[in-house]
Amino acid sequence: MTSSTQGVAALVRAHAATVDPWLREAAAWGVDAATARAALTDLEPVLAAVGDDPRAGLAIVRATLDLVARGRWHTEAVPRTVVLRVLPRLSSWLRAWPDDVVPAVLAASRGVARSGLLDAWVARVAASDAPDQAADVRPALLVAAWRCGLVRYREAALDAAGSLPPPTVAALLGVPCATVTETLERHRSDRWWWPDRSAEPGVVQRVGGFVGWGGPWVQVPQVAAGGPTGWLALVDGTVGAVVADVHGSAVVGLADHAEVTVPERPDARTLPVPWVDEVTGVVPGDQGVVLVARAHSYALDVVRLGRSG
């Protein structure tokens, strides 16, 4: 086998007619030869992972030079991490559709990484075979992102899942292939349902958290009814719409919002929860759940009520 040191150099020499314009373009953006050479040297393990497929190698080289030119090839840059750590784990996808997979993974990884879900997302994608056609690459990445917890993509992901082959969806969602259609239909009608998840009363999702523990907030949040989802979080001087399902949660800031009223404090003894705390607000939601704020919690709880709740 050719040594890794020769991998990138051999690829560049063999495809000079293709790579040289990319190098000149990078130079026009101020990238000197030493910087370009160092970035390409970083790619040796990546190219080794994808094997001797020049299409995959060239797609990675092209993306890398573009990132270098835009100043996004430094040790703390997410795109560099994606190229060096994520793409090698998706070698079968790269070999199948290199010109589609590389830009799609780089684009999708931005939102996934911001949510702290990059590793889980990559693992879920890597567990699935490469799509049968290039057009399915981006929808598949979207479905995996939603399943990992990016709830803002839920509706788009459910639509995308309906257009993908059942075996691909099954691998991305982690459900048996024979149950894909039923799973998607049931979850679309009830965002708190999922196979093997308990349907008993109790906490089904948490929202937010203290910034010192990886959450977004420095103050304890309150809740109110309203906004596009019916649930509002009032915290740190802002108002945001709470978006959640069985897989994840998010709070979307609202630039324009009407005055909101915090609901009266209910009796916590009526809630099927595992904690003892003063409840500061409860807002009803759909499918028999409520959004709960507590006096001593930096997170909000989505609680499924019992039949008498």
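Two strands are taken to pair if DSSP finds at least two bridges between them, and the strands themselves are DSSP runs (E, at least two residues; for helices, H or I, at least four residues), numbered from the N terminus. This is a predicted model, in which local features need pLDDT of at least 70 and side-chain atom pairs count only at pLDDT 80 or more, while totals for chains, interfaces and linings use all residues. Residues are numbered from 1 along each chain as its sequence is written, and side-chain values use heavy atoms, with hydrogens and water left out.

**Sheet β2-β3-β4-β5**
- Four strands form this open sheet, in the order β2-β3-β4-β5, and their pairing is antiparallel.
- Because β2 (222-226) and β5 (249-253) stand at the edges with a single partner strand each, one side of each is left without a neighbour in the sheet.
- Neighbouring strands of this sheet are turned by 35 degrees against each other on average, direction ignored, where axes are lines fitted to C-alpha atoms (for helices over the stretch in contact) and angles run from 0 to 180 degrees between N-to-C directions.
- Within this sheet, β3 (residues 230-235) and β4 (residues 238-244) pair in the antiparallel sense over four bridges, and A233 has G240 in β4 as its bridge partner.

**Sheet β1-β8-β7-β6**
- Four strands make up this open sheet, in the order β1-β8-β7-β6, again with antiparallel pairing.
- Its edge strands are β1 (202-208) and β6 (279-284), each of which pairs on one side only.
- From one strand to the next, the twist averages 25 degrees.
- β6 and β7 (residues 289-294) are joined in the antiparallel sense over five bridges, with V279 standing opposite R294 in β7.
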